[in-house]
Amino acid sequence: MGLKLLGPVARRGERLKKSLSIKNGWLSAELCGKMHMRRSERFPGVVWKGDAGNFISIDEEKCVGCANCVKVCMGECFEIANGKARVKSLDFCIECAACMYVCETGAIKFSWPKGGTGYKFDWG
Amino acid sequence: MREDYDVIVVGAGFGGLAAAKRCADAGLKVLVVERGEEVGDKVVSGCTIPIYGFLFGPDFIRNGDPPIERPCAGIRNYLMKDVDADDYEVIENVIPQPLSPVIVAGYNIYCKPFCQWMAERAVKSGVELRTSTVAKHLIKEGGEVKGIITDEGEKITSKVVLDCEGHQGLLAVEAGLRDKWAPETIALASAYDYEMNSARETDEVFGFVSEFLWAWDESKVAPPLGYGNGLMIFPYDSSFHYMQDQCLKISEIGGPGYVPNLRKLLDEYHKSLTSRWRRWKNDIEPHIKRLRGLIYDTFEIFVALHEKQRNIPLSTSGLMLVGDAAGLESTELCDGIPTAWFSAEYAAEVAIEAIKRNDTSAQFLKKYDQLVRSDKLIQWATSGRDRHNLRLAQRYHDIELFRWCIYHGWGPGGWSNPDFRDAFISRLMEMVREAPDALEKIGDMFARNFINWKKRGHDINISYTNEDMKNAWNEFLIMLGIPAGVRDLLKPIGDIFIRAAKEGLG
């Protein structure tokens, strides 16, 4: 069509290589260890980075143990112990806040993980 | 006291970046804080941006070269009755694709590169962007918002804060403007990113339509996920997103209900469909290279349909809520991007004026509430009930209602809805009145995006000749399936429209 290219061509798909050295969409385990990264087989294409801190907390007095948080959590962050919910691990939290929404008594306090930590998704 | 910034924008998403750029263009000192390490780390796509977002959204997007993945001419709805018997109905007859007003000629995008593209533009306009920074709290003095406190404890002051965090809106809740949204108005979606063998195969399998599959009888399609579950496929350049969603609580809005076991159900639903749906097995799966990504995220679905949530205040002294944080998502199309753009522009406008007058009081910022609440397109988007009723139709097995909802929500029936039709036409006329070449620029936008898409690149600084644009236009219209006779009519219709707009006949 007689188009003249004047600048560099930014092709789709190149952004990935630019931002992270990922081979076939997966970070090597070695690299993960070095960069404090976690990945889960359940979530291809997602890496968790750094220490996000305890950004979700549960007020034991308000918790009635309904397990709503357990039911909606995709990252398996919660468990029920002695009739109360508690945070098992935030390693694979996807920061969606579903737990906060379904907690009817307001026992779950959700805040954002530390800046620059938490999940990174390359195909968002 | 001298503030560090005129405006602090919380969140580098669609709304935040549009607002930040507009403020910076007006000469304000703007800071954008983003919690991700890079812009776009935390966004999850699976979306078609409907055309009204591009037409009436920010200028720099309409007149620029944003990274689009695939033009989208419409939605093909499958009404699945029995998956094993391959008994389904394609509700295509009620959506002659090029006539569907809201989706037609929209664009499927990956949000991450799109946000990065917007961020680049904003930074060029003078916006300061700080990533890896969380706005943890607001600085409040006597009820007035004066800035933010970061997760590192740093205090950054400003005259105005724009909360563009997304639907969680933690700052909006902290400021007391609203409560957390009700769980029945929020949905959780899985987003599978499948890479296809090639762009060409993607063209052949999907063409230029997004596909929705609605399970009619759950027991004959997939394990019961509760009513309202659907499968959405958004084709991209040489990949596609496969999404399923379900509300966090199954109930009427505001009513009692139960929280489903989503982890189990979403997985089972995916397994069931990918192993039994014949279109998947025969047409789609053979062309898939690999499953490249999988993530889940929550999104606003019926927020504005909730009486209480619909009428929250959108501003207080020194603070305005934008986009999802304000509950401004399209309940009809489950798409928050156009409304985020519109509200961002209003918020920026009000912020610019407030700072010029040195009056950021709650009373002055109320102007933002008025602008948003009187915008007809935002009102239409946040009050559509067809998507919601479609779920009820599924639940009560009312097939007529189901067809009706699709026809009016996504089909040509949209034009029979005066809320949409009038808002659309009057907005377009307004644009033409303000800038006589507006229609031409819109035409250029379609052609330019089409050329960029075909060249498999964007932002490539192409110099186009008029001939190129004309060819691209024609090719684009052919792709949409608009017949030659109608194509020839576009120009005279445009001329009549421009005259009508100018002479005030509309």
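Residues are numbered from 1 along each chain as its sequence is written, and chains are lettered from A and ligands numbered from 1 in the order in which they are written.

Stay on the boundary. Domain 1 of chain B and domain 3 of chain B each put 13 residues into the contact (C-beta atoms, placed from the backbone, within 7 Å). On the domain 1 side, helix 2 (51–56) and helix 13 (376–381) of chain B each supply at least two residues; helices are DSSP runs of H or I, at least four residues, numbered from the N terminus.

Next, select residues 337–357 and 362–374 of chain B, helix 11 and helix 12, whose axes come within 9 Å and cross at roughly 155° (lines fitted to C-alpha atoms over the stretch in contact; angles run from 0 to 180 degrees between N-to-C directions). Helix 11 of chain B is therefore roughly antiparallel to helix 12 of chain B (angle over 145 degrees). Residues to display at this contact include Y346(B) and V350(B) from helix 11, and L365(B) and L371(B) from helix 12.

Finally, color chain A by pLDDT, the predictor's confidence in each residue, from 0 to 100. Chain A averages 79, and 72% of its residues score at least 70. Over residues 1–29 of chain A the pLDDT is below 50. Where pLDDT is low, the predicted coordinates should not be read in detail.

Methods:
This is a predicted model: local features need pLDDT of at least 70, side-chain atom pairs count only at pLDDT 80 or more; totals for chains, interfaces and linings use all residues. Two residues are in contact if their C-beta atoms, placed from the backbone, lie within 7 Å. Angles under 35 degrees count as roughly parallel, over 145 as roughly antiparallel, 65 to 115 as roughly perpendicular and the rest as oblique.
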